[in-house]
Protein chains: 2
Amino acid sequence: MPLVTFQPSGKSIEVASGIDLMEAARRAGVAIDAPCGGKGTCGKCLVKVLSGTVQRRDGGVIDPNDPPGIVTACTVVPGSEALTVEVPKLSGYDGGKFAEDAVSETAQSGLLIPCDPITRQVAITVNQPAGDAVEPDVYRLLKSLAVQGCNTSTEIPLFVLRNLAAVLREDDGRVTVTVSHPENPPCTVIDVTPGDRTSRHFGIAVDIGTTTIAVQLVHLDTGAIKATAAEYNGQIPCGLDVISRINYAHRRGGLEELKQRVTDTINRLIGIVCINGAIGAGEICEAVFSGNTTMTHLLLGINPEYIRLHPYTPTLLDAKSFSARDLGINSNPNAPVYCSPGVGSYVGGDITAGLLCTEIPRSGEGTYLFLDIGTNGELVVGNRDALMTCACSAGPAFEGGGISCGMRAATGAIEGVEIDAATGKPRVWTVGSAAPRGICGSGMIGLVAELFLKGLIDPAGKFDRSGKFESIQVAGRQAYFELATVHQSDTGKAITVSETDIDNLIRAKAAIYSACALMMRQLELSFEGLDCIYIAGGFGRFLDIEKAIVIGLLPDVARAKFHYIGNSSLNGSYRVLISRKQRMLQQACARAMTYIDLSNDSGYMDQYTAALFLPHTDKQLFPSVNIRR
Amino acid sequence: MPLVTFQPSGKSIEVASGIDLMEAARRAGVAIDAPCGGKGTCGKCLVKVLSGTVQRRDGGVIDPNDPPGIVTACTVVPGSEALTVEVPKLSGYDGGKFAEDAVSETAQSGLLIPCDPITRQVAITVNQPAGDAVEPDVYRLLKSLAVQGCNTSTEIPLFVLRNLAAVLREDDGRVTVTVSHPENPPCTVIDVTPGDRTSRHFGIAVDIGTTTIAVQLVHLDTGAIKATAAEYNGQIPCGLDVISRINYAHRRGGLEELKQRVTDTINRLIGIVCINGAIGAGEICEAVFSGNTTMTHLLLGINPEYIRLHPYTPTLLDAKSFSARDLGINSNPNAPVYCSPGVGSYVGGDITAGLLCTEIPRSGEGTYLFLDIGTNGELVVGNRDALMTCACSAGPAFEGGGISCGMRAATGAIEGVEIDAATGKPRVWTVGSAAPRGICGSGMIGLVAELFLKGLIDPAGKFDRSGKFESIQVAGRQAYFELATVHQSDTGKAITVSETDIDNLIRAKAAIYSACALMMRQLELSFEGLDCIYIAGGFGRFLDIEKAIVIGLLPDVARAKFHYIGNSSLNGSYRVLISRKQRMLQQACARAMTYIDLSNDSGYMDQYTAALFLPHTDKQLFPSVNIRR
């Protein structure tokens, strides 16, 4: 069987002949960017053949126009017994950067909330058995717990019972008991350990993003964050977005694999925070997970198929409490695991968690907009009277997908562009200051804003074909803009942006803006009336508000009203973890939200069509942009 | 490493040198009779060397008086690279006999109880999702269940949720839902399957004996017994009685091994009843287990150590409901598993289940005695006013232990003896009509009764040394009775019974009788006043009531008052399985019982000492025996 080695990781795997390199990478645990999920349509899964040969999977010949040695991993199979390929490194994959951000974004805000977690630890002394009456260990334990306010219908799971006899006798009956829901029956014992260990009461808050997973280790009685770690979601090799993951789950064994991959990532991160926080994983006695509806289904191992099919019905939305053992999470096996409740198939627990980081759930006079922009955009508009949410499919343009030279924000991605107004010549900045390999989502927004402000494109996104700008090249009906020449680029090809690419970005921004506009109209609100616009999520961190307004992605309101709230899904999970009140607030908020399915809304297409211009068909909506152009 | 082969099974295992044959047999899964648990004291674990050589584990020489090639497995190690030994077959090990008995004993009595199990199956139609509102699968299922009387706090375990989406769509929403406790919250969904499968509602009743395990497959809506199977408890190689099992659990990994062994036996039996009953194991949605307190702890994987140590405290006694998955039982993973409640460390769920097969739990005018005789005797005395129970340690004499030529009721065991009153010569019957190899417990009772009635022994169990009976041989201070000559026996040795052996049997019967007498006195009852004496358990089947009265094991009352109730632990489990009323009755009964710890009772030793005669010191108690002798 051919042996395939992936560089720079050095990971190797033997695969049966006929297995494509994408699948080989997946099995070897090597992440390759593939927005289309390996269907051979996006052309993004480029790898470089370092030694050995490859053949096209379909038996065809490799396009001679392609740069030599650069192939799409999903379309080729090994052609020699030994094959070594190089995979472009995904930026930030080592996790350090994510972790740092996550800490700084969450640390302060959390400390304002009084700690009141659903688990409690009490140090008690259980009487040793006396000779005259048979009082089983369980009976004596419950009697001592009753004094602490736990009712007698308290449940003790099998895993606590198994070694209870020895634990109750190790330190003369002095034990620390961790219980959940001490006030509300049925109260459950999570752990019984010898001695007084009440200072060691820990939990984890987890954000399960489609792309990134972050885990935060928290001391439950002080709210102190002991450690945070983040990593790419191990499911990435099975598809980049939720739809490709759902498709993957449909394969034989696919659902189990996806579940295992996300669990493995979480457990690896738990291992890291436990080492950094100097605690044992068994001391984690509570966990809160927030993810979109598909991520939650996959974490629980629930078939997600009907989330993808009309009428887009999930198996569950509401917050359910399972045990860590049911989920295979590396912690105390009895630790209750709470999944943040979702509102619809495309507005999940990450959003209801994120809202806790805003003023939206609190009754007040203000009116707010919450935006989480990515492949899927999730939006919430709310004030004291109404709370409305919807999701819109922006497509992968913001993550570099659907753009001919697009890529994720990895090393070599163009993330900034400045255009000389006179010549139209570009100056570019790349991630890692490397030779350019492509352009990422925030780079595209910056580029289109520049092209538009400097007059290289018109409001419809069409290039100036007058010949005034030499960076604009026309070939037949198509025109394109050259960002880097074949000599400047790292791929052996010039890096260009075509009108089709610009059109894809315009469609993406129109999807988001029109969804916002539709919700505002339904609630009879105006953008000007908003007190605050919260921008959440990883993409938001790289978003230049000014340029986003220029292209018409964000509404043209006072810049001070925009607030970037970081990883609000993680921060919200933290809040739910340490505070029962926050948990109730989240549930009330989820129940109160009206979920709009845009695919069923007749007004959405009108709004969307009107937004397919730069910045918008209705120029009045973007006064500040009009002034600048 | 030496390779040891056990015949007639042909099972082989390689073991490190120094591992004794008892341990090798345990690892190979070969059962060898060893009442002392492999301590080298009982001399019962005889095996025959067919080829190869053995050495004594302690380096000593093998006793030249021993018959050649016959060794005790726990004292020898392989002396050659290949070794083949023959293990005597345990009678009934193939299971057929047990199964037959179990069916016939239980079938009729059960059918009188109306079926009202804790699980219920309903066929419902769950609406398909409509386009306008997001109603998750779980929500629609619960709404349909609410119509059937299940409240909305119904819990749905993860294992049902995982494939719920497909199940709800396979047959247009027509599903069969199995729920437990449909009336009492929290009601739990056990299974959801497509279509109407309400005719397939099954459960299992299980008796977990220290020696034998029996599983009965039951249709829960009709009470029909679909199949029954029994087998020796797979824990036997780890020790014959509960104390040696508890000692074994103390080894590293011993508890896990014991748990695995009992689970394996149960799962093997479930496999058999499922094939015979033509159902899938996944269709089993409820299980009831009854065993003594140690067996229950080991099944649940709970450390049993303190059951053995003063003051003999179990971890739990009361009935707890776990899931089959928690226990590793091969059935629907969500099936609730109920363990019959125990009363004390030595009166367990097998007794509270057994009582359901008697009049004792029902209010009435009668007074009853319940006796389960084995290595441990469990006793219950009760009438409308009081219910008292205790356990006494009879020692292994009733199972052939502690008797020089004793053995279990396996092929070649002497089970019946008739003595010629004139010559004292014995005529013997053996199990399987084979050449005699030893004498089993019921054989010993019959022998001692004969010896006593025919005047060969006196009330103290001492032989007539007048020389009148040539079958009595005197050697120094010891005398013994020859049951089979060296030529008649199959072991190469004569089969004899010594005064020490008789003394051991007298101690065993005295332990049982005196415990009964003590309880009767404490309740101010007389044996004559009893309406019924129930004899339960496997040993009871072979017990000759008349002979048991002659030796003073059972009280001398009208013979018609004795009722053998068979495997009442299995029968009681069946009742609890099909009827919630029976379950409540059992729990009430367990709560109502007063548990007497004989080791703490000052009067017990007096009663015991008085019973160390044939039939008793107080001859008045046994009038019918006096007449016969």
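**Note on backbone geometry in chain B and a sheet in chain A**

1. Pro615(B) is placed in the loop of chain B that runs between helix H18 (602–610) and helix H19 (623–628). The model is a predicted one. The peptide bond between Leu614(B) and Pro615(B) is cis, and its omega is about -15 degrees.

2. The backbone torsion of Ala278(B) deserves a check. Its phi is near 55 degrees, which is a positive value in a residue other than glycine. Most residues other than glycine have a negative phi. Ala278(B) sits in the loop between helix H7 (254–277) and strand S14 (284–291) of chain B. Because its relative accessible area is 59% and the cut-off for an exposed residue is over 50%, Ala278(B) is classed as exposed.

3. Although Tyr312(B) is not a glycine, its phi is positive, at about 60 degrees. The loop that holds Tyr312(B) lies between helix H9 (305–308) and strand S15 (321–323) of chain B. Is Tyr312(B) buried, exposed or partly exposed? With a relative accessible area of 26%, Tyr312(B) is partly exposed.

4. In chain A, three strands make up an open sheet, ordered S23-S24-S25, with antiparallel pairing. Strand S23 (472–475) and strand S25 (495–498) of chain A are the edge strands, each of them pairing on one side only. From one strand to the next, the twist averages 35 degrees.

5. Which strands does helix H13 (residues 499–522) of chain A lie across? Helix H13 of chain A lies across S24 and S25 of chain A, and it runs at about 65 degrees to S25(A). S25(A), as noted above, is an edge strand of the sheet.

How values were computed: Residues are numbered from 1 along each chain as its sequence is written. Chains are lettered from A and ligands numbered from 1 in the order in which they are written. This is a predicted model: local features need pLDDT of at least 70, side-chain atom pairs count only at pLDDT 80 or more; totals for chains, interfaces and linings use all residues. Side-chain values use heavy atoms; hydrogens and water are left out. Helices (H or I, at least four residues) and strands (E, at least two) are DSSP runs, numbered from the N terminus. Buried means under 20% relative accessible area, exposed over 50%, partly exposed in between (1.4 Å probe, protein chains only). Two strands pair if DSSP finds at least two bridges between them. Axes are lines fitted to C-alpha atoms, for helices over the stretch in contact, and angles run from 0 to 180 degrees between N-to-C directions. Contact means heavy atoms within 4.5 Å.
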